[in-house]
Amino acid sequence: SSGINAEYGDFMIGLYLLLISITDTVVYSGDYCRKQLEWLLSSECATLGVLSTIGSQVSLIAMTVLSIVRMDGILGSLKLKIPGPITIMKTIQVVFIVFSVILASATIALLPLVRSFEDYFVNGIHYPEDLKLFIGTTKKQSIQPVLEAYYGRMKKTTLSWNRNIQMINDMFSHDQRYEDFTTPVGKVHFYGNDGVCLFKYFVGKEDPQKGFVWAILLVNFTCFIFISLSYIIIGMISRSSSRSVAGAQNNEINRRNRRMNQRISIIILTDFCCWIPFIIICGLHTIEVIDATPWYSLFSMLILPVNSVVNPFLYDNFLTKLRMSLLGSRFAALSMNRSVASFHSTVLTVMRNTSQRVSGLVNRPSTVARRAGREEGKRNGDVGVTVAEIAASSV
C-alpha cells in the first residue's frame, strides 16, 4: 500500500514538472516578464503548488511507512513470527494507513490556501497599475508607514489583511464619475512567491508562515532519519544472519546482501542529497546569511524531484527486472544457437550413416551371387577362394 502511495506521489511530481514546463514554453513563451504578476496571482499557479506539495509529501511519508514496515517484518522473522492470513481487520489497517498518508499530505498542501489563515500565508497584495500609491506586490511592512502617514499616530500592531485593505479603501473618495482603482485587489497566495509555484520553503524572519514552514521541514527531516535508520538496521540484520550460513549457499547470500546494501546506500544517499542540503539552505536563508530566493527554479526542477525519479528504480526492482530480462533474452538466443547446432550435427550424422548403409547395400553381393560363384568355381576346378568370397571379404 505504501509502495502504491509512493508511486502516486512520484506521478504527481512528474505531472507537476510537465505542466510547469508547458506553461513556461507554450502559455507564456517570450511574454512571462510582462505577465508575471498575473501568473503569480492565478489559481493555476496555486493548483500546481498544491500538486507538487502533495506529490512530494506523499512520496516521502509513504517511503517512511514502507521502510518501517520492512524493518518490522525483518525483526518479526527473527522472532519466528509467522504472518497470519489476510483479515478484514488487516485490510482496514491498510486502508487507514493509505488514507492517513494522503490526508496528511493534502492537509499540508491545502492549509496555506484556507481563507481563515490568509493572515499567516498571504505574502502581499496587488492593486491595479493605475493606483500609483502601491506598485507591484506590497507587504504589510510597506503598507504600515503609508497608513500612519495618512491617519496619524497608530498603535504598533499588525493589522489583518482585510483591515489593511479597508483602511486603504477609505483613503479614496470613490466618486462614481471616476474609475475606482482600489478594486480589484489581488492577493499573493502562499505558492505565488516564485514563478515555479513551489512550497515557500525559503522564509525570512518577518514572514508569518515561518513557523509552519519549519514545522514541515522538521517533519521531512524526521522522515529522513526514520528511513535511514530502518534500512541501516535491515542491512545489519541481513549481514549478521548470513554469517550463520556456510558453504555455497553462503556465497549466494553474500551476493544478495551486497546488492541489497548497494540499494540501501543509494536510498539513503538520494534522501540525503534531496533534503539535507535543502534544509541547510533554508536555515541560512531564514537567518539572512544568504538569499536563496533565486534558487527556487533549481531546487524545484533538479534537487527536490530526485527521490521521485529514483524511487521507481529502487523500490519496484526495475533495474533488476530489466537486467534479468536482457540476460534472459541473451540466454534464450544462446540456447537457440546451441539447439540449431545440435540439430545440424544430428542431421549430418544421420546422413553419414545412411550413405554408408546405402553404399554397403550396393557393394555387398547377394547370397545367390555367392552360391553361383561357388558352383562356377567347382566346375572350373578352382580349389582357392572364389571371386564372390573375395568380394564379400572386401566389404
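## Reading a predicted model, one feature at a time

Trainee: Where do I start, and which side chains meet in a salt bridge with Glu118?

Mentor: Start with Lys187: its side chain and that of Glu118 meet in a salt bridge, at 3.0 Å from N to O. Keep in mind that this is a predicted model. The pair links distant parts of the chain, with Lys187 in strand 3 and Glu118 in helix 5, 69 residues apart.

Trainee: Is Glu118 buried or exposed?

Mentor: Here you need a cut-off: buried means under 20% relative accessible area. Glu118 has 10% relative accessibility, so it counts as buried.

Trainee: How many salt bridges does a search of the whole structure find?

Mentor: It finds five. Another one brings together the side chains of Lys140 and Asp119, at 3.6 Å from N to O. Lys140 belongs to helix 6 and Asp119 to helix 5, so this pair ties together parts that are 21 residues apart in sequence. Lys140 is buried, with a relative accessible area of 16%, while Asp119 is partly exposed at 27%.

Trainee: And which residue does Asp207 meet in a salt bridge?

Mentor: That's Lys200, and the N to O distance is 3.5 Å. Asp207 and Lys200 are both buried. Look also at Asp31, Arg34 and Lys35, which are linked in a network of salt bridges.

Trainee: Let's turn to helices. Which residues of helix 7 are buried?

Mentor: When you read a helix, list its buried residues, then look down the axis. In helix 7 the buried ones are Trp161, Asn164, Ile165, Met167 and Ile168. Down the axis they fall within an arc of 165 degrees, so they line one face of the helix.

Trainee: What covers the buried residues of helix 7?

Mentor: The cover includes helix 5, strand 1, strand 2, helix 6 and strand 3.

Trainee: What about loops? Where does Asp180 lie?

Mentor: Asp180 sits in the loop between helix 7 and strand 3. It is partly exposed, with a relative accessible area of 31%. Its side chain makes a polar contact of 2.9 Å with the side chain of His174 and another, of 2.6 Å, with the side chain of Thr182. Leu131 is 49 residues away from Asp180 along the chain, yet their C-alpha atoms are separated by 9.1 Å.

Trainee: Now the surface. Which residues make the nonpolar patch?

Mentor: The patch is about 680 Å², and among its residues are Leu75, Leu218, Phe221 and Met236. Helix 8, residues 210-242, gives the most to the patch, with seven residues. Met236 is found in that helix.

Trainee: Finally, how do I describe the whole protein?

Mentor: Count the elements, then look at burial and surface. There are 14 helices and three strands. Of the 395 residues, 34% are buried. The protein exposes about 24,700 Å², with carbon and sulfur atoms supplying 64% of it.

Methods: Residues numbered from 1 in each chain as written. Predicted model: local features only at pLDDT ≥ 70, side-chain atom pairs only at ≥ 80, totals over all residues. Heavy atoms only, no water. Patch = residues over 30% accessible without salt bridge, like charges linked within 9 Å, V, L, I, M, F, W, Y side chains within 5 Å. Areas by Shrake-Rupley, 256 points an atom, 1.4 Å probe, with all protein chains shown as cover. Salt bridge = Lys/Arg side-chain N within 4 Å of Asp/Glu carboxyl O. Helix = DSSP H or I, 4+ residues; strand = E, 2+ residues; numbered from the N terminus. Buried < 20%, exposed > 50% of the residue type's maximum accessible area, 1.4 Å probe, protein only. Polar contact = N/O pair within 3.5 Å; in protein donor to acceptor, adjacent residues only side chain to side chain. Arc of directions from axis to C-beta. Contact = heavy atoms within 4.5 Å.
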